[in-house]
Amino acid sequence: MPKGTPKPNNNEAACDTIVCNFIKARIAVCEEGIACWYAVVRGGSEDDDASDNAIKRIEYKCRYLLITLKFALEKMGEVNRPTWEQCCQHAIEVMTNACDDYITFADTIKDWHIQLRDSGDDKFPHPNPQVAAGQIAEPRFFTSCPGAKLQFLSQADEFARKSELTAETLTDYVNSVIVPNQLRLHNRETKDVQNHLSQSDFISSFGLGKGRGRPPKHGDEDAQQQERNGISQATVLRWMNLYGYKWCTARKHYYNDTHEHPQTIKARSLFIQTVLFQYEVRGLLWISIPKVDADKLRQQG
C-alpha cells in the first residue's frame with residue numbers, strides 16, 4: 001500500500017473502500033497526465049515551452065505509476081496482497097517486457113509517488129526550476145537567441161507608439177521576421193548542410209509550435225502542419241504579459257470648463273472686489289486733456 005493512504009482503525013471494510021477510492025482517484029490523475037502532460041504539473045499550461053525530454057519524463061512517471069496503482073488496486077482484496085515495493089517492481093517488469101526500460105529501480109517509482117502525494121494537489125513539480133520555485137521563467141527561445149528578445153521588445157515598443165500593439169500584429173511579426181532571422185543565423189553557423197533545420201523543426205527544438213501536442217482533426221493534417229511552422233498567438237501573448245505589456249484603458253483628455261462652479265464664482269467675485277474697490281482707487285489714473293491745457297500746466301510748474 002502506498003504511503004500516505006488513509007487508514008481507518010475501526011472498520012476493515014471501510015478502510016478498503018477508502019483506500020480503493022484513494023487509489024482510483026490517483027489512477028485518474030495518471031491517466032490524465034498521459035493524455036495531457038501539463039495537467040499533472042503545478043503551474044503547467046498548454047503553451048509551456050518545456051523541453052521534449054522534460055515532457056517525456058513526466059509522461060513516463062504517469063505510465064509507471066498508473067501500472068503500479070492498477071496492480072495494487074487489483075490485488076487489494078487478496079489475503080497475501082503484494083507490498084508497495086512489489087507493485088513498483090511489477091510496473092518495471094511490465095514496461096521492460098514492452099521493450100521500454102526507462103527505469104530499473106522500484107525506489108524511483110516510490111520517489112515519483114512521493115512527489116505526487118506530498119504536493120497536496122496531486123501534481124508534479126514543474127520541470128522548469130524557475131517556475132517550480134515561483135519565479136518568472138525566461139522563455140527558452142529568448143535565452144537561446146538573445147537577439148530575438150531585443151527584436152521582440154523593440155518592435156513591441158514601436159507598435160505601442162503607433163497604437164498598433166496587439167497579440168495578432170506581434171505574432172505576425174514574430175513569425176515573419178524574428179523566427180526566419182534566427183533560423184538563418186542558426187543554419188549559417190551550422191556548417192553541415194544536412195544538419196540545417198526547417199522553420200517548423202527550428203521552432204520545435206525550443207518546445208514551441210502551434211498545434212504542438214494537439215491531435216489533428218480528421219482531414220485537417222495539412223492545416224495543422226502549416227500552423228506548426230509558426231509560434232502560436234497564445235505564446236506571444238504570454239511573452240507580452242511576461243515583459244509587462246498588458247491591456248489597459250486609454251482615455252482621451254478633454255477640457256472641462258468650470259466657470260459656473262460655486263467656488264469659481266466665489267473666487268471671481270472676491271478678485272473683482274479687491275481689484276476694483278481697493279487697488280484701482282489707489283492707483284494712477286491717466287486722462288486725455290487738450291494740448292493748450294497741457295502747456296498751461298507745464299508753465300505753472
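**Entry 1. Terms and overall make-up**

I began with the term helix: helices (H or I, at least four residues) and strands (E, at least two) are DSSP runs, numbered from the N terminus. Trp-112, for instance, lies in helix H4. I noted that the model is predicted, that local features need pLDDT of at least 70 and side-chain atom pairs pLDDT 80 or more, and that totals for chains, interfaces and linings use all residues. Residues are numbered from 1 along each chain as its sequence is written, and side-chain values use heavy atoms, with hydrogens and water left out.

I looked up the secondary structure and found 13 helices and zero strands. I then looked up burial, where buried means under 20% relative accessible area, exposed over 50%, and partly exposed in between (1.4 Å probe, protein chains only). Of the 301 residues of the chain, 31% count as buried. I recorded an accessible surface of about 20,100 Å² for the chain, 52% of it belonging to carbon and sulfur atoms; the areas come from the Shrake-Rupley method with a 1.4 Å probe, and for residues only the protein chains shown count as cover.

I also looked up contacts, a contact being heavy atoms within 4.5 Å. Among contacts in the chain with a separation of 6 or more, 60% are between residues 24 or more positions apart.

**Entry 2. The nonpolar cores**

I turned to the nonpolar cores, each a set of buried Ala, Val, Leu, Ile, Met, Phe, Trp, Tyr and Cys residues joined through side-chain atoms within 4.5 Å. The largest has 35 residues, and those touching the most other members are Ile-23, Cys-30, Tyr-64, Leu-65, Ile-109 and Phe-124. Helices H1 (12-35), H2 (52-74), H3 (84-97) and H4 (106-118) are the elements that give two or more residues to this core. H2 gives the most, with 11 residues.

I followed Cys-30: leaving aside neighbours within four places in sequence, Cys-30 is in contact with Cys-62, Leu-65, Leu-66, Leu-69 and Leu-116. Another core lies apart from the largest one and holds 23 residues, among them Phe-159, Tyr-173, Leu-208 and Trp-239.

**Entry 3. Helix H4 and Trp-112**

The 13 residues of H4 should span 18 Å, and the end C-alpha atoms are 18 Å apart, which agrees. The buried residues that I listed in H4 are Ala-106, Ile-109, Trp-112, His-113 and Leu-116. They cover an arc of only 120° around the axis, which puts them on the same side of H4; the arc is that of the directions from the helix axis to the C-beta atoms.

Trp-112 itself has a relative accessible area of 3% and is buried. Not counting residues up to four places away in sequence, Trp-112 touches Arg-57, Tyr-60, Lys-61, Tyr-64, Leu-65, Tyr-102, Ile-103 and Phe-124. The C-alpha atoms of Trp-112 and Leu-65 are separated by 7.9 Å, although the two residues are 47 apart along the chain. After H4 comes Gly-120, with a positive phi near 90°.

**Entry 4. Pro-127**

I located Pro-127 in the loop between H4 and helix H5 (129-132). Pro-127 is partly exposed, at 29% relative accessible area. Beyond four places in sequence, Pro-127 touches Val-41, Ala-50, Ala-54 and Ile-58.

I counted 15 aromatic pairs in the structure. Rings of Phe, Tyr and Trp (its six-membered ring) pair if their centres lie within 6.5 Å; planes under 30 degrees apart count as stacked, over 60 as edge-to-face and the rest as tilted. The rings of Phe-142 and Trp-239 have centres 4.6 Å apart and planes at 50°, so the pair is tilted. This pair links distant parts of the chain, Phe-142 in helix H6 (residues 140-144) and Trp-239 in helix H11 (residues 233-242), 97 residues apart. Trp-239 is buried, with a relative accessible area of 0%.

I found the buried residues of H11 to be Thr-235, Val-236, Trp-239 and Met-240. They fall within an arc of 145° seen down the axis, so they line one face of the helix. Their cover includes H6, helix H7 (146-161) and helix H8 (167-189).

Methods: The expected span of a helix is 1.5 Å times one less than its number of residues.
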